[in-house]
Protein chains: 2
Amino acid sequence: MTAMAKELHHPERDEIELSAVLEALSEPTRREIVLRLLEEGEAPCQAFDATAPKSNLSYHYARLREAGVTRTRPNGPYRMISVRVDDLAARFPGLLDAIVAASRVKASAE
Amino acid sequence: MTAMAKELHHPERDEIELSAVLEALSEPTRREIVLRLLEEGEAPCQAFDATAPKSNLSYHYARLREAGVTRTRPNGPYRMISVRVDDLAARFPGLLDAIVAASRVKASAE
């Protein structure tokens, strides 16, 4: 395991806090990242380079990871990101589904 | 209608934004207020005086109201607050229920 890998903190499933999840998903760019990851599965960070400036993206990835919404997995020179679907469904049943559904309502209405 | 009543802005149902709702409900004191209002129905602001310092409460009430989560109704010298259950259910089906359920998971686990 590399030093970088060791440094990436992920809360355990039962440490995931509702306040942190809601705060992480209250930001539109972060919701967009999560929606795309749910559609595409695990993706390299670079997949979202068009979404926001790179420094902002690093911040958003960290917020999502620290909230327990996503998992970041170093893979050689890349970092792969995925949504912690099973952990979120176990910890807060129905929450992610409701937020995803609400995200689509909003997009279609605006 | 009094001047105070005119000044209290509430977004229309279709103006309620997901980011604002999630942000409003990401804060534990605001979630506590919403949970109690859901149990007790409409309540005067004073009902929550033990929850947080009064200046903080005013801020929380405004955040909830401006996000479209609650409705504040002047009633003589009082302000009555209620959760906009129907508006939220129509705008984002299942979202409030999922957040309420998740709030209870969290409380029981800590």
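Buried area is the accessible area (1.4 Å probe) that two parts lose on being put together, summed over both. In this predicted model, chain A and chain B bury about 1,700 Å² between them. Carbon and sulfur atoms account for 69% of that area.

**Interface of chain A and chain B**
- On the chain A side, 21 residues are in contact with 21 residues of chain B.
- Zero salt bridges are counted between chain A and chain B.
- Four residue pairs, both members at pLDDT 80 or more, are in polar contact across this interface.
- Three helices of chain A, α2 (18-25), α3 (28-40) and α6 (95-109), each supply at least two residues of the side that touches chain B.
- Helix α6(A) gives the largest share of that side, with eight residues.
- By residue class, the side of chain A that touches chain B holds eleven nonpolar, four polar and six charged residues.

**Helix packing in chain B**
- Helix α3 (residues 28-40) and helix α4 (residues 54-67) of chain B pack with their axes 10 Å apart, at an angle of about 70°.
- Angles of 65 to 115 degrees count as roughly perpendicular, and α3(B) and α4(B) are therefore roughly perpendicular to each other.
- From α3(B), the contact is made by B:Thr29, B:Arg30, B:Ile33 and B:Val34.
- From α4(B), the contact is made by B:Leu57, B:Tyr59, B:His60, B:Tyr61, B:Arg63 and B:Leu64.
- The residues of this contact between α3(B) and α4(B) comprise six nonpolar, two polar and two charged.

**Salt bridges**
- Over all chains, the structure holds 16 salt bridges.
- One salt bridge pairs A:Asp87 with A:Arg71, whose closest N and O atoms are 3.6 Å apart.
- A:Asp87 lies in helix α5 (residues 85-91) of chain A and A:Arg71 in strand β2 (residues 70-75) of chain A, so this pair ties together parts that are 16 residues apart in sequence.

Notes. Residues are numbered from 1 along each chain as its sequence is written. Chains are lettered from A and ligands numbered from 1 in the order in which they are written. This is a predicted model: local features need pLDDT of at least 70, side-chain atom pairs count only at pLDDT 80 or more; totals for chains, interfaces and linings use all residues. Side-chain values use heavy atoms; hydrogens and water are left out. Contact means heavy atoms within 4.5 Å. A salt bridge is a side-chain nitrogen of Lys or Arg within 4 Å of a carboxyl oxygen of Asp or Glu. A polar contact is a pair of N or O atoms within 3.5 Å; within protein, one must be able to donate a hydrogen and the other to accept it, and residues adjacent in sequence count only if both atoms are side-chain atoms. Helices (H or I, at least four residues) and strands (E, at least two) are DSSP runs, numbered from the N terminus. Ala, Val, Leu, Ile, Met, Phe, Trp, Tyr, Cys and Pro count as nonpolar, Asp, Glu, Lys and Arg as charged, and the others, Gly among them, as polar. Axes are lines fitted to C-alpha atoms, for helices over the stretch in contact, and angles run from 0 to 180 degrees between N-to-C directions. Angles under 35 degrees count as roughly parallel, over 145 as roughly antiparallel, 65 to 115 as roughly perpendicular and the rest as oblique.
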